[in-house]
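The sequence and the structure are shown first.

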Amino acid sequence: SAQAQLTAALQEDPQDIDASLTLARLHLRRGAPDQALAALAGLTDQHGRLARVHATIGEAQLQAGRLDQAEQAFRRLWELAPQEPEARQWLAVTLRKRGQVDQARRLLEGNLNRFGGHTPSLSELLQLIGDPAAAAAERDRDLARNAACGSSGHLRLPPLYLSQHRRAFRP
């Protein structure tokens, strides 16, 4: 299996960035964000300036419903890779889920001003401004799900994000 091959590669070279990222993404697709974080644990210590590691950590934290840690990872991503529109877009998604809709909207508008055709930012912004009541209701559901699930809960991410976010920082 792919997991066994990646694990074997990491036993030979524990600092193999690509193998660690691929294994983490495999765990994310399987709905195991904590295993994804474990696969990435040593990379930030050894290679702290790798934006794609922070992007994947943020995705795992967001999927696990740990919004504080997700925000921290996405802010670090933005610091490391301000030229990447996904940094602001994922931070905006996290802020929206925290109920900080105005701040999320400003980030998305800034993203569109700087990176005109960034489709995920446009989709997220349209969701925010297109139907504020629906966006607020979704936020409330996500916040209730977080409170009910605790630190081991999972957030439901819209299929649009799941289908597009993995293309952000391919090696």
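## The largest nonpolar core

The largest nonpolar core holds 21 residues, of which L62, F74 and L77 touch the most other members. A nonpolar core is here a set of buried Ala, Val, Leu, Ile, Met, Phe, Trp, Tyr and Cys residues joined through side-chain atoms within 4.5 Å. Buried means under 20% relative accessible area, exposed means over 50%, and partly exposed lies in between (1.4 Å probe, protein chains only). Two or more residues of this core come from each of α5 (51-63), α6 (67-80), α7 (85-97), α8 and α9. The element that gives the most is α7, with 6 residues.

F74 touches A55, G58, E59, L62, A87, W90, L91 and T94, with residues up to four places away in sequence not counted. Contact means heavy atoms within 4.5 Å. A second, separate core has 18 residues, among them L26, L37, A39 and L43.

## Basis of the model

The model is predicted: local features need pLDDT of at least 70 and side-chain atom pairs count only at pLDDT 80 or more, while totals for chains, interfaces and linings use all residues. Residues are numbered from 1 along each chain as its sequence is written, and side-chain values use heavy atoms, with hydrogens and water left out.

## Overall composition

Helices (H or I, at least four residues) and strands (E, at least two) are DSSP runs, numbered from the N terminus.

Of the 171 residues in the protein, 49% are buried. Among contacts with a separation of 6 or more, 56% join residues 24 or more positions apart.

Two packed helices are described by the angle between their axes and the distance between the axes. Axes are lines fitted to C-alpha atoms, for helices over the stretch in contact, and angles run from 0 to 180 degrees between N-to-C directions. Angles under 35 degrees count as roughly parallel, over 145 as roughly antiparallel, 65 to 115 as roughly perpendicular and the rest as oblique. A crossing is left-handed if the near helix is turned anticlockwise from the far one by less than a right angle, and right-handed if clockwise.

The axes of α7 and α8 come within 8 Å and cross at roughly 160°, which means that α7 is roughly antiparallel to α8. Their crossing is left-handed. On the α7 side the contact is made by P85, R88, Q89, L91, A92, L95 and R96, and on the α8 side by Q103, A104, L107, L108, G110, N111 and R114. These residues of α7 and α8 divide into 7 nonpolar, 4 polar and 3 charged. Ala, Val, Leu, Ile, Met, Phe, Trp, Tyr, Cys and Pro count as nonpolar, Asp, Glu, Lys and Arg as charged, and the others, Gly among them, as polar.

For helix α8 (residues 101-114) and helix α9 (residues 119-130), the axes come within 9 Å and cross at roughly 140°; the two helices are therefore oblique to each other. The crossing of α8 past α9 is left-handed. V101, A104, R105, L108, E109, N111 and L112 in α8 meet S121, L122, E124, L125, L128 and I129 in α9. By class, the α8 and α9 contact has 8 nonpolar, 2 polar and 3 charged residues.

## Packing of α3 and α5

Helix α3 (residues 33-40) packs with α5 at an angle of about 155°, with the axes 8 Å apart, so α3 and α5 are roughly antiparallel to each other. Their crossing is left-handed. P33, A36, L37 and L40 in α3 meet V53, T56, I57, A60, Q61 and Q63 in α5. The residues of this α3 and α5 contact comprise 7 nonpolar, 3 polar and no charged.

## Two individual residues

T56 lies in helix α5 and is buried, with a relative accessible area of 0%. Apart from its neighbours within four places in sequence, T56 is in contact with L21, A24, R25, L28 and L40. T56 and A24 are 32 residues apart along the chain, and their C-alpha atoms are separated by 7.5 Å.

Q15 is found in the loop between α1 (2-12) and α2 (17-29). Q15 is partly exposed, with a relative accessible area of 31%. The C-alpha atoms of Q15 and L43 are separated by 6.7 Å, with the two residues 28 apart along the chain.
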